[in-house]
There are 2 protein chains.
Amino acid sequence: MPFTERSEVTRSAILLAARRCFASAGYAGTTIRGVAAQAGIDPSMVMRYYGSKAGLFSAAIDVDLGLPDIHAEPPGRIGAVLARHFVERWEGEAADGVLVLLLRSAVTSPEAAERMREVFAKQVTPVVVAVAGDGPETAERTMLVATQVLGVALCRHVLRLPPVAMMDSSRLVELMAPVLQHYLTGPLGSPVTSADAAPVPSVISPPG
Amino acid sequence: MPFTERSEVTRSAILLAARRCFASAGYAGTTIRGVAAQAGIDPSMVMRYYGSKAGLFSAAIDVDLGLPDIHAEPPGRIGAVLARHFVERWEGEAADGVLVLLLRSAVTSPEAAERMREVFAKQVTPVVVAVAGDGPETAERTMLVATQVLGVALCRHVLRLPPVAMMDSSRLVELMAPVLQHYLTGPLGSPVTSADAAPVPSVISPPG
């Protein structure tokens, strides 16, 4: 394969190994050498691509939520689309553990907390603007979505609180959808209405 | 003052100091000696009351949510009552940092995560049962309340995501209330309705 493509494969392997190491051993317990061993490459390659453990950590928590283009969706279904997307991002085929790693890290690392802020501000705000227009409530709506999405992730993947932790993913989507819809398009601070919400589509696959 | 009362005062001083130490230095960075110094007492007293650092930690994360008796409240206002109570518990006069400590600890300590599960299961379940009756959805409703309450606490007090982090506490209560109400009494998994929700009372004091 061409050089740049091979370089991309190596970077991906390093990041995957780094996420596993940081997730299991924490920042302090992770070494460049350990990451390199897990990726099956020479430590000097890790240093060449990421410069230092701090640089590697920064790259490892660089989360792309991969939010879908919601312009074609009916506004009343965006809550369900977003709920399904987040659940799949945490635990479906697209899951890479990076969101859980970022969540765990953000509790103790100011850098990771700042990254979390950026991830939601940059990636979720356009969804809010697309569905609810840009206005004085845009930032509130975005971060209310964050409170519910991160609260579910915390209880399901970190604290493992039953029954949220063992719930079928389709049920979880069903339960989150109306609340995300409310935060996106509802009258904030008023009793939630069903004015512009539609039933949740049952298109999510069961958990693996 | 009588012996038992003096003993109670000493225990409280030790727990307050322990919560501060665990919160700022983490479990590994906290010592019995440090806690005793902060409480202004002899380390042997800490050992006498709590036996070990593990025993002290266990006592320090023993959270009493102090949930109000909601039997006299109209069912449609319990979401608002609960939202106001949690916000005051985290940051009002009753705040002692123990919930934030438990939240931070639970991310890395299985014992603290288990305690978090117990706190919500034992203390929030009776509220759910009182307002919605006991049924197959009781555990789901309880833990959905946990996802939203802990998600807000995480974003506001740990990650400090703006604007949730700097929002007026009365606004925060106003925003959380309809969602808690939905999780308590709403038709789960269906678009949220305002059928049994009432407007949020504006009786919370501004943040200090």
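Predicted model: local features only at pLDDT ≥ 70, side-chain atom pairs only at ≥ 80, totals over all residues.

Reader: How much area do chain A and chain B bury between them?

Author: The size of an interface is often given as the accessible area lost when the parts come together. Here chain A and chain B bury about 3,800 Å², 74% of it on carbon and sulfur atoms; this area is found with a 1.4 Å probe and summed over both parts. In terms of contact (heavy atoms within 4.5 Å), 44 residues of chain A meet 44 residues of chain B.

Reader: How many salt bridges does the rule find across the interface of chain A and chain B?

Author: Side chains of opposite charge can pair when their charged atoms come close. The rule asks for a side-chain nitrogen of Lys or Arg within 4 Å of a carboxyl oxygen of Asp or Glu, and it finds four across this interface. One of them joins A:Glu137 to B:Arg171, at 3.7 Å from N to O. On the side of chain A that touches chain B, α8(A) gives the most, with 13 residues; helices here are DSSP runs of H or I with at least four residues, numbered from the N terminus.

Reader: Where do A:Arg117 and A:Glu114 lie?

Author: An α-helix has 3.6 residues a turn, so residues three or four places apart point the same way. Both A:Arg117 and A:Glu114 lie in helix α7 of chain A, three residues apart, and their side chains meet in a salt bridge of 3.2 Å, N to O. A:Arg117 is partly exposed because its relative accessibility is 26% (buried is under 20%, exposed over 50%, partly exposed in between, with a 1.4 Å probe and protein chains only).

Reader: Which residues of helix α4 of chain B are buried?

Author: In α4(B), residues 53-60, the buried ones are B:Leu56, B:Phe57, B:Ala59 and B:Ala60. They lie on the same side of the helix because they cover an arc of only 165° around the axis, taken from the directions from the helix axis to the C-beta atoms.

Methods: Residues numbered from 1 in each chain as written. Chains lettered and ligands numbered in written order. Heavy atoms only, no water. Helix = DSSP H or I, 4+ residues; strand = E, 2+ residues; numbered from the N terminus. Buried area = accessible area lost by both parts, 1.4 Å probe.
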